[in-house]
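This note is intended for a colleague meeting the structure for the first time. Please keep the sequence and the model in view while reading.

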Amino acid sequence: QVQLVESGGGSVQAGDSLRLSCAASGRTETTYALAWFRQAPGKEREFVATISWTGSGEHYAGSAKGRFTITTDNTKNKIYLQMNQLEPEDTAVYYCAAGFYTGSSLMSRYDYWGQGTQVTVSS
């Protein structure tokens with residue numbers, strides 16, 4: 001089993017930045033791909049970004065490209081999402097996920113999920 005715990009969410013103004021963190025523990029050696037998803041009120045959960053523990057396979061949703069950056073620190077078993085130029089449309093609960101298949105934007109490819117951290121962006 002792998003446990004994921006997100007942190008770093010909060011309430012910000014449009015144009016601000018936030019960095020989300022996800023701490024992984026347990027049998028992390030059984031996972032290879034890490035990802036961030038988000039779910040806005042009344043909407044389905046959607047893919048944001050993915051990367052492997054080695055830093056390869058970096059891939060972004062169109063809404064995140066150019067504004068968000070996903071990174072990992074495999075010495076600390078942490079995954080980060082740097083979010084710049086935040087917009088009200090980025091308001092959502094952000095979830096960290098881990099799985100075996102790199103480069104995937106499909107929820108079904110990820111076996112482990114965190115509880116989420118709320119990001120609220122006001123205009």
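1. Basis. This is a predicted model, in which local features need pLDDT of at least 70 and side-chain atom pairs count only at pLDDT 80 or more, while totals for chains, interfaces and linings use all residues. Residues are numbered from 1 along each chain as its sequence is written, and side-chain values use heavy atoms, with hydrogens and water left out.

2. Secondary structure. The protein chain has 11 strands and 0 helices; helices (H or I, at least four residues) and strands (E, at least two) are DSSP runs, numbered from the N terminus.

3. Overall dimensions. The C-alpha atoms fill a box of roughly 40 × 25 × 25 Å along the principal axes.

4. Of the 123 residues, 43% count as buried (under 20% relative accessible area, with exposed over 50% and partly exposed in between; 1.4 Å probe, protein chains only). Among contacts (heavy atoms within 4.5 Å) between residues at least 6 apart in sequence, 57% join residues at least 24 apart.

5. Partners of β11. Strand β2 (residues 10-13) runs parallel to β11 and is joined to it by 4 bridges; strand β9 (residues 92-99) runs antiparallel to β11, with 3 bridges. Strands pair if DSSP finds at least two bridges between them. Val119 is the bridge partner of Gly10, and Ala92 also stands opposite Val119.

6. Cores. A nonpolar core is a set of buried Ala, Val, Leu, Ile, Met, Phe, Trp, Tyr and Cys residues joined through side-chain atoms within 4.5 Å. The largest has 29 residues, and Trp36, Ile79, Leu81, Met83 and Tyr94 have the most contacts inside it. Elements giving two or more residues to this core include β1 (2-7), β4 (33-39), β9 and β11. A second, separate core of 7 residues includes Ala33, Ala61, Ala97 and Tyr110.

7. Tyr94. Not counting residues up to four places away in sequence, Tyr94 touches, among others, Trp36, Leu81, Met83, Thr117 and Val119.
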